[in-house]
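Look over the sequence and the structure first.

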Amino acid sequence: MLELSALGLLQKKPLHGYRLKQQLELFMSSCISINYGAIYPLLKRLEERGYIFVVTEEPGEAGCSRKIYKITEKGRDRWREKMLENLKESWVKGRSRFLIKFFFFSDLEPIERVKLIEHRLIVCQLRQEYLDSQQSENIQRDPYQFSAWNRAKSMLNSETQWLREELVKELELINFESNSKQSAISNQPSAIIFGSR
């Protein structure tokens, strides 16, 4: 998830490691754990693989220079690949990964966004079925377990409702863009070729 997030932010603008960490903490601290020990080895790996490059260096506050990194076309391709993949992972990790992807949705095509939302809705449905199948009498007897159970179901219902609303928006956008293209094509004047006499 850190690679996906870093490449997504570097796609927006060039950053140095410290600024990248600040951006990650600001936007994604609820989804991933961020520390300096992970950022710099990640940047080195991404550079070695040709996903990013050092565009310039600037003086740092402690005397050391700061490398400013920029994403490459290969890095953009890697980011898109990571965005569109659907991994089999734990419920908590899957939720965090989707929220990170959602943060970068404006860099995807509407149809790609629809596919990701639809996949997440399926995962939520499977989770709902699992929770329903696991509910037991013991949970109902313990007030704290029952409360935690209801909280989990409430959060799942809230996420499902949000995803459905986002899906409707995306489908409306696709429909609007399709109608606009059709309208533009039908409103184009026919080419008339006049012959000379």
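## Met 1 and its contacts

Beyond its neighbours within four places in sequence, Met 1 is in contact (heavy atoms within 4.5 Å) with Cys 31, Ile 32, Lys 93, Ser 96, Arg 97 and Ile 100. Met 1 and Cys 31 lie 30 residues apart in sequence, and their C-alpha atoms are 8.9 Å apart. Met 1 sits in the segment before helix H1 (2–12). Helices here are DSSP runs of H or I with at least four residues, strands are runs of E with at least two, and both are numbered from the N terminus.

Met 1 is partly exposed, at a relative accessible area of 21%. That class lies between buried (under 20%) and exposed (over 50%), using a 1.4 Å probe and protein chains only.

The model is predicted: local features need pLDDT of at least 70, side-chain atom pairs need 80 or more, and totals for chains, interfaces and linings use all residues. Residues are numbered from 1 along each chain as its sequence is written, and side-chain values use heavy atoms, without hydrogens and water.

## The largest pocket

A pocket is an open set of points on a 1 Å grid over the protein atoms alone, where a 1.4 Å probe fits, with protein on both sides within 12 Å along at least five of seven lines; lining residues have an atom within 4 Å of a point. The largest pocket has a volume of about 380 Å³, the space filled by probe spheres set on points joined across faces, edges and corners. Helix H5 (91–103) and helix H6 (110–134) are the elements giving two or more residues to its lining. H6 gives the most, seven residues.
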